[in-house]
Structures are given as C-alpha cells and as structure tokens.
Amino acid sequence: MKLKTLVFALAAAAIVSGNAFAQAPIVIKFSHVVANDTPKGKAAERFKELAEKATKGRVKVEVYPNSTLYKDKEELEALQLGAVQMLAPSLAKFGPLGVKEFEVFDLPYIFPGKDVLYRVTEGPIGKSLFQKLEPKGITGLAYWDNGFKVMSANKPLHTPADFRGLKMRIQSSKVLDAQFRTLGANPQVMAFSEVYQALQTGVVDGTENPPSNLYTQKMHEVQKHVTVSNHGYLGYAVIVNKKFWDGLPADIRTALEGAMKDATKYANAIAQQENDKALDAVRKSGKTEVYVLNDKEKAEWRKALLPVQNSMAGRIGPDLIQAVNKEAQALGYK
C-alpha cells in the first residue's frame with residue numbers, strides 16, 4: 001500500500017513539475033555593444049516589449065547593452081555557440097566571419113541617400129545577403145538603420161589630405177581599412193567599448209561614427225573636431241541563432257516575426273531623429289567644433305574615395321556593387 005501511495009505521489013510530482021516546465025518562458029538573450037539611449041538600444045527595448053506582449057509572456061527577452069555580456073569581437077562566436085540567442089551587430093562584422101558581401105555597406109559613398117539604402121535592405125539584395133548567413137548557423141531577421149557617419153579627430157578634417165598620418169579607429173573591415181589607407185591614414189582595428197579610452201589617451205587620433213554613437217559614448221569629450229561628411233553608412237543586422245530559431249514553436253516564431261517587423265519600423269523611423277539630436281548636443285557641449293562639408297569639399301572627398309569601390313570589387317563581388325549602383329540609378333542618382 002505504501003509503495004502504491006509513493007508511486008502516485010511521484011507521478012503527481014512529475015505532472016506538476018512538467019506543467020511548471022511547460023509554463024517556463026522561452027528566454028532570448030539579446031546582446032549589443034551600444035548604449036540604451038541610441039537608436040539600436042531603443043529598438044532593442046522596443047522589441048523586448050513587443051515580443052513579450054505578442055507571446056503573452058511565453059517569451060522573455062533579456063537585453064544586455066553596452067558590451068555588458070559580450071564585446072563585439074566575441075558576440076558572433078557566442079551566438080553561433082548558442083550562449084546568446086540574438087544580436088544586432090554592425091554589418092561590417094560579417095566580413096571577418098567569411099561573408100564578405102556584407103562589406104558592400106562599408107563602401108564610401110555607395111548610398112547617395114536613404115531611399116537607395118532601403119531599396120537594398122528591403123529588397124532582393126538584402127534577402128540574398130541574409131541567405132548567405134544560413135550556413136554559418138545564423139538567421140537574419142531585419143536590418144536596422146543607424147545613419148551616415150561623421151569623422152572626428154583632434155584636428156580639422158576638411159580635405160582628404162587632412163587625414164595623412166592619422167591613426168583612425170575602425171571596425172574589422174577590409175573596406176574600412178582600404179578607405180583610410182586611401183586617405184593616407186593608418187587604420188587601427190579596435191573594439192567599440194575600447195574607443196573612448198583610446199581617443200582619450202592618444203592611442204588613436206580619431207574615428208568615424210554616426211553622431212548618436214559618438215555622443216552617447218562621450219567621444220566628443222575627447223575629440224576637438226567633428227566633420228559631417230556622411231561618407232559612409234552604419235547599419236545593423238538583427239540576427240538569431242538558427243538552431244534556436246528553427247526550434248521555436250511555429251506560433252511563437254510568427255509572433256516574434258511580427259514584433260521584429262514593428263520594432264524595425266520604429267528603429268528606422270527614429271535613426272535620423274536621434275542622430276540629429278546627438279549632433280546638436282555635440283554642438284551645444286562646446287567641447288567639439290562641428291564642421292559641415294560644402295558641396296565642393298564633398299565632391300573632393302568622393303573623388304578621393306571612389307577608387308575604394310574598384311579596389312574592393314574582387315573581394316565583395318563586382319556584380320553586387322553594380323546591383324547597388326543600379327538601385328541608385330533607378331532612383332535618379334548619377
């Protein structure tokens with residue numbers, strides 16, 4: 001009798017335990033390297049809110065900003081190993097992973113306007129690039145905009161010649177390396193979280209960033225000059241571990257796709273606004289002189305940097321570069 005009672009007790013405990021396990025939320029660790037008050041940081045928080053609401057609490061999104069979980073050199077490997085489920089790395093990060101085609105986004109002056117950019121990211125080109133991540137165990141969900149970059153240094157940067165001899169921090173990208181070497185500068189690959197101290201101590205002389213990243217990381221406090229050049233683009237790809245994503249229940253995955261779609265609309269809507277606010281804040285700080293290139297100077301920069309497209313064609317793929325340029329021509333750009 002006692003044995004029968006024990007069996008029933010164990011069975012009941014197993015049922016309770018099973019129900020508790022079934023009700024435990026699916027955890028998505030979302031790691032990124034920028035501050036919460038940047039376009040990416042705000043979009044990550046918006047996704048968390050939308051995802052948890054859409055799944056009625058069946059999914060819990062834990063956001064880890066500012067490299068608190070992984071630095072940008074570590075996060076892709078962590079995603080592939082399943083230590084983290086979701087990232088939003090800059091598009092430049094995929095070149096070192098072996099998907100060199102993503103470096104098309106790093107080419108200077110490849111996007112004459114946001115309209116061209118969105119035709120690329122939201123069209124067949126963007127989809128085909130995401131497909132190239134699948135063999136790496138990565139699924140691409142969305143492209144998040146963070147705007148065009150400015151240059152900063154402790155000396156005025158008005159002409160291409162002003163870069164000669166400067167040590168400029170870059171992400172790990174062969175295109176960005178070529179960009180600064182073309183200008184006569186010395187590119188230095190460095191993790192984003194280390195840039196402020198490197199600028200402060202003179203390990204590097206300058207860097208490039210959208211204004212929102214420059215301001216929220218307080219780089220303007222250790223850079224005397226900022227040039228609004230809009231020479232290059234910085235965007236992000238929201239990606240997930242493929243095995244994790246494919247293993248989700250179909251209804252959960254559908255709900256998360258909807259949440260990501262809405263978060264992406266939000267991210268892209270606030271990017272320009274946040275960068276404009278950040279640049280204004282840099283001006284008002286009084287610590288950095290902000291200079292906007294005039295039309296003649298822009299033309300000079302474009303002419304100096306155009307050879308980078310040709311020199312990188314063999315790495316990125318001439319057909320891909322041509323396809324992006326065709327999108328620009330379709331919208332009336334020459």
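**Close-up views of a predicted model**

View 1: Residues are numbered from 1 along each chain as its sequence is written, and side-chain values use heavy atoms, with hydrogens and water left out. Helices (H or I, at least four residues) and strands (E, at least two) are DSSP runs, numbered from the N terminus. On a 1 Å grid over the protein atoms alone, a pocket is an open set of points with protein on both sides within 12 Å along at least five of seven lines, while a cavity is a set of points where a 1.4 Å probe fits but cannot get out; lining residues have an atom within 4 Å of a point. The largest pocket has a volume of about 440 Å³ (the space filled by probe spheres set on grid points, which are joined across faces, edges and corners). Its lining counts 18 residues, and Tyr109, Ile110, Phe111, Pro112 and Arg302 sit closest to the centre. Helix 11 gives the largest share, five residues. Sorted by class, the lining has ten nonpolar, five polar and three charged residues. Here Ala, Val, Leu, Ile, Met, Phe, Trp, Tyr, Cys and Pro count as nonpolar, Asp, Glu, Lys and Arg as charged, and the others, Gly among them, as polar.

**View 2: The second largest pocket.** This one holds about 370 Å³ of space. Look for Thr121, Leu141, Ala142, Tyr143 and Thr264, which lie nearest its centre among 15 lining residues. Helix 5 (124–131), strand 4 (138–148) and helix 10 (250–285) each bring at least two residues to the lining, and the largest share, six, comes from helix 10. The classes here are six nonpolar, four polar and five charged.

**View 3: The largest cavity.** The structure has three cavities of 30 Å³ or more, and the largest has a volume of about 160 Å³. Of its 18 lining residues, Arg169, Gln171, Phe192, Asn209 and Leu234 are the closest to its centre. Strand 6 (167–170), strand 8 (206–209) and strand 10 (233–241) each supply at least two lining residues, with strand 8 giving the most, three. The lining splits into seven nonpolar, five polar and six charged residues.

View 4: Within helix 6 (residues 174–182), the buried residues are Val175, Leu176, Ala178, Gln179 and Phe180. Buried means under 20% relative accessible area (1.4 Å probe, protein chains only). At the N-terminal end, Ser173 is the cap, with a side-chain oxygen 3.2 Å from the backbone nitrogen of Val175. Just past the helix, Gly184 has a positive phi of about 85°.

**View 5: Ser31 on strand 1.** Ser31 belongs to strand 1 (residues 26–31). Its relative accessibility is 0%, so Ser31 counts as buried. Beyond its neighbours within four places in sequence, Ser31 is in contact (heavy atoms within 4.5 Å) with residues including Tyr64, Tyr70, Glu75 and Met86.

**View 6: Confidence along the chain.** The chain averages a pLDDT of 93, and 93% of the residues score at least 70; pLDDT is the predictor's confidence in each residue, from 0 to 100. Over residues 1–21, pLDDT stays under 50, and the model has zero contacts there beyond four places in sequence.

How values were computed:
Predicted model: local features only at pLDDT ≥ 70, side-chain atom pairs only at ≥ 80, totals over all residues. Buried < 20%, exposed > 50% of the residue type's maximum accessible area, 1.4 Å probe, protein only. Polar contact = N/O pair within 3.5 Å; in protein donor to acceptor, adjacent residues only side chain to side chain.
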